[in-house]
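Please look over the sequence and the structure first.

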Amino acid sequence: MTTAIISKLPLSLLALLLSISLLHFKPSLDDQTLPQRSEPHFTPTNYIIRFHDYKRAENHRDYLISNVKSNGWKWIDRRNEAVAKFPTDFGLVAIEDAARVLVIEEFERLELVKDVNPDLSYQRGLRGKKKTEGLGRVGAFVDGKKRPGKIFTAMSFDEGENDAAAASNLSSSWKRQLLMQKSQVTSLFGAEVLWSKGYTGAKVKMAIFDTGIRANHPHFRNIKERTNWTNEDTLNDNLGHGTFVAGVIAGEDSECLGFAPDTEIYAFRVFTDAQVSYTSWFLDAFNYAIATNMDVLNLSIGGPDYLDLPFVEKVWELTANNIIMVSAIGNDGPLYGTLNNPADQSDVIGVGGIDYSDHIASFSSRGMSTWEIPHGYGRVKPDVVAYGREIMGPKISTGCKSLSGTSVASPVVAGVVCLLVSVIPESNRKAILNPASMKQALVEGAAKLSGPNMFEQGAGRVDLLESYEILKSYQPRATIFPSILDYTDCPYSWPFCRQPLYAGAMPVIFNVTILNGMGVIGYVESPPTWHPSDEEGNLLSIHFTYSDVIWPWTGYLALHMQIKDEGAQFSGVIEGNVTLHVYSPPAQGEKNRRISTCVLHLKLKVVPTPPRSNRVLWDQFHSIKYPPGYIPRDSLDVRNDILDWHGDHLHTNFHIMFNMLRDAGYYVETLGSPFTCFDAQQYGTLLLVDLEEEYFDEEIKKLRDDVINTGLGLAVFSEWYNVDTMVKMRFFDDNTRSWWTPITGGANVPALNELLAPFGIAFGDKILNGDFSINGEQSRYASGTDIVKFPSGGYVHRFPFLDSSESGATQNILTSGMAKADSPILGLLAVGEGRIGVYGDSNCLDSSHMITNCYWLLKKILDFTSKNIRDSVLFSDSVRTDKPLYIEDNQLPSRRTDVNFSTYSAVVGKEMICKSDSRFEVWGTKGYGSQVWGRIRRLPGYKVTDDERGLNSAMENPNAKMSKSTEKNKDESVGNKYLSLLYRDELDLPLVVASHWLVPAIVAISGLLLLLSFWRIRQKRRRRRKVSSSNRFANL
């Protein structure tokens, strides 16, 4: 009998083995969902090991070899002038992916090692060839796919490649005049005046970081040295960009004459013919520039990643060694918040572009700097502007051509700087000139243009002769830039001049740069002081935050300005000065420290406190941008700019909306702290637009009370959120050897749904696109989401749109492709004492990728939420809901559990506190009416960490283990939980995929087969027992 039973087991064993094998099954996803990982997984990548001290490269190598016991890495020899001749502070190693985590951890434990970073590569679109060769403006992303290399933005472009509207700014008469003058742009700055005095750039060492230059080029008289830092075996410029830049600075051809023809040219070839460069190449080249005592350095490159720390810190070291760096501000205009690094650094002279009519060029990037937001306020950049359209320069071999772009404006200023440096006698040059003193001469001598604001033009157009006069009598000193904030000077002082101060408002922050020409390091001697011109000036209260150490050459001073409560009815102008005392250690040969007094003049408009219904509070605190996180674009139709990096601030990519609200009579203030840090009784509406952050529990409770009991209005403009679509947007970065995945969608819908849950409102995960009209107003719904929960008694507007999400696309195929269902996108509701308006798209308010604006809709929503003014169309009976919209909570969009959100969040794992951008009375507290202090927000499934490693990119760690959480996410789908169980050690794989039902179904069927097999065996055993019993009874 035993033998018979065993003979029946193969079927059950087969089913059992099949079930077990499925537990280790990894789904094979198509290429559109997830790129293949086999090649990246086994290819070693290069890492930069930074050391605390400079030593010979072989000493660093021997130190690592003797102290690192792990295998899977090797030292890479760098064969260039810097390594051969001078000590270095970094090494380059190749690490196998399989050993990456262990090896890096061992490196970072070493006492002499500062840190370990991927060797990022820079890649840009250099322009200089004929248009017939098909060159176009190329950035980091093309058709939604990332090109190899570091994130970068488009650089200079050929004449005629820019848009026609911008090109029309260049009059034909100007063009003819320039061609007749032959001297080109130099004559517009009066360079001939300095030439006639004998100043031509002699004995000035000019480093040009670009594509190189050819030997014996006929346009140059003083090419001192050419060095190659790339992996190509050539010193020549085969693209033409480096030659052009050098010619603008120091060319001597009469048709395309440069500013300083006697300047000593040091051509650093840091880009290959394929327009690729690596951070390690730049670091070596920077070190060589320091070691060989360059005077000026021009760098026509930039990108949005100001958290590429090896690069940024090396720029600080470079300027600390008294090298004046000039860099292009970027070609991402006319959008605001698009400054490129390193031009956005305070120690670098950032240059914007203008045309010959003194209009800001459409391509020129605009400020403010975005390092400081969302929890502060940006600095004024660019520093200056110069002509950057249709500039003449040399071709690769001979002859002249014209180019346009800020990477052309940058060498214009670099040429001016070389000319100014040669004015100072060589024996006294280093004592007088430094990055701060040169910037002081440029910004103080610049001509302020009448049309643009400070974030477009900085100090204004460079004025060579005025800067020359300043330098002739220059004495080392510290100054402030900008040195004046005048609310009566519009449009230059925009956005400050658009909205006066008043009592009870959030602090208005003005962030200025301290320029310290006295020394590379300086200190603020005592806290800044406010000196009003008259008695009314005492109504102004200013708190200051500033740099503890001013290094290198620069620091910051932020003014947090409030009108005191006793000025609630005051109307007029407050004027006075802020003074700041700065000192530096004594220079060589001096005994006493250097001291200077900086003065900032204020002229501020003040009005009586507006009524509550006219005051809107903009939530900045809950915004997250790139860098550090991979925050995807809001409009998925935009294929060549996939990152949300413009700041999402009222004064960057929402600046047009800000102007519209001011024109409509609304006063808009900024909240940079949690919701507990504002008094709801002071505001008509809290405006939430395109937010990616989480919310503290106290914020959710306070907002419910503020709306229902205090009568606060709430206006919400959401964005798309679809996990399957986010999975598809993942890409493998060949530089960091890591998967980059969006940490949220266009907005953080699961967090918004928690915030809106007390009001019975929730958004879904559809991605809707289409055109619609309300009362004759045409609008475009671009990658917006739908409303899936809304109470009865409200007003809901629906329109037929196509769902382009992954699940929606599948449904479209099943229903013949083009079925458009009516989707609810706009909801209006009165609840308690307050009123709420919700809309599923923010692209119509964001100038970044706007097709049509919906300012008209925003105004109508605010009229309702703030003033209870009901538009007859928006509140028609035909859209009133008798039944609520409702779905179960477990059908709502769920959070991603495969992303460590706390790394990028100011909420998750953080203490809730009111910071310096809130009202003075709640600084350092938890806010108004709060009893609980220091609570930390944690999310289900999220690992909480304060570790700042990896903040220079939004990367997943392929070898990281998922944290185990005992707390379950109530919104987590069954498929999500099941796949996370199967793949808890495979963070590379998405936790939610389009085919997430397949594996559970197969496992379930296999289990049923296994049960059926055991049942059949048991039935046969029973039949055999019955037969055996019958035989025994018969024998009896």
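Contact means that heavy atoms lie within 4.5 Å. This is a predicted model, in which local features need pLDDT of at least 70 and side-chain atom pairs count only at pLDDT 80 or more, while totals for chains, interfaces and linings use all residues. Residues are numbered from 1 along each chain as its sequence is written, and side-chain values use heavy atoms, with hydrogens and water left out. Helices (H or I, at least four residues) and strands (E, at least two) are DSSP runs, numbered from the N terminus.

**Two buried positions**

- Phe920 is placed in the loop between helix 23 (855-867) and strand 41 (955-956).
- Phe920 counts as buried because its relative accessibility is 13%; buried means under 20% relative accessible area, exposed over 50% and partly exposed in between, with a 1.4 Å probe and protein chains only.
- Beyond its neighbours within four places in sequence, Phe920 is in contact with Pro507, Ser541, His543, His560 and Gln562.
- Between Phe920 and Met561 the C-alpha to C-alpha distance is 9.6 Å, with 359 residues separating them in sequence.
- Leu714 belongs to strand 31 (residues 713-717) and, at 0% relative accessibility, counts as buried.
- Not counting residues up to four places away in sequence, Leu714 touches Thr685, Leu686, Leu688, Leu703, Val707, Leu756, Phe759, Arg835, Ile836, Gly837 and Thr865.
- Leu714 and Ile861 lie 147 residues apart in sequence, and their C-alpha atoms are 9.3 Å apart in space.

**Aromatic rings and charges**

- A pair of aromatic rings is described by the distance of the centres and the angle of the planes.
- Rings of Phe, Tyr and Trp (its six-membered ring) pair if their centres lie within 6.5 Å; planes under 30 degrees apart count as stacked, over 60 as edge-to-face and the rest as tilted.
- This rule gives 39 aromatic pairs.
- One aromatic cluster is formed by Phe86, Phe209, Trp229, Phe268, Phe271, Phe282, Phe286, Tyr288 and Phe311.
- A charge sits over a ring if NZ of Lys or CZ of Arg is within 6 Å of the ring centre and within 35 degrees of the ring normal.
- Arg593 has its charged end over the ring of Tyr583, 4.1 Å from the centre, and Lys448 lies over the face of Tyr492 at 4.6 Å from the ring centre.

**Helix crossing**

- Helix 10 (residues 241-250) and helix 13 (residues 406-421) have axes that come within 7 Å and cross at roughly 40 degrees; axes are lines fitted to C-alpha atoms, for helices over the stretch in contact, and angles run from 0 to 180 degrees between N-to-C directions.
- On the helix 10 side, the contact is made by His241, Phe244, Val245, Val248 and Ile249; on the helix 13 side, by Ser407, Val408, Pro411, Val412, Ala414, Gly415 and Cys418.

**Backbone features**

- The peptide bond from Trp551 to Pro552 is cis, with omega near -15 degrees, and Pro552 is found in the loop between strand 24 (540-546) and strand 25 (554-563).
- Tyr626 and Pro627 are also joined by a cis peptide bond, with omega about -20 degrees; Pro627 is in the loop between strand 28 (615-619) and helix 18 (655-663).
- Ser783, in strand 36 (residues 777-784), has a positive phi near 60 degrees although this residue is not glycine, and counts as buried at 1% relative accessibility.
- Asn868, another residue other than glycine, has a positive phi near 55 degrees; at 38% relative accessibility Asn868 counts as partly exposed.
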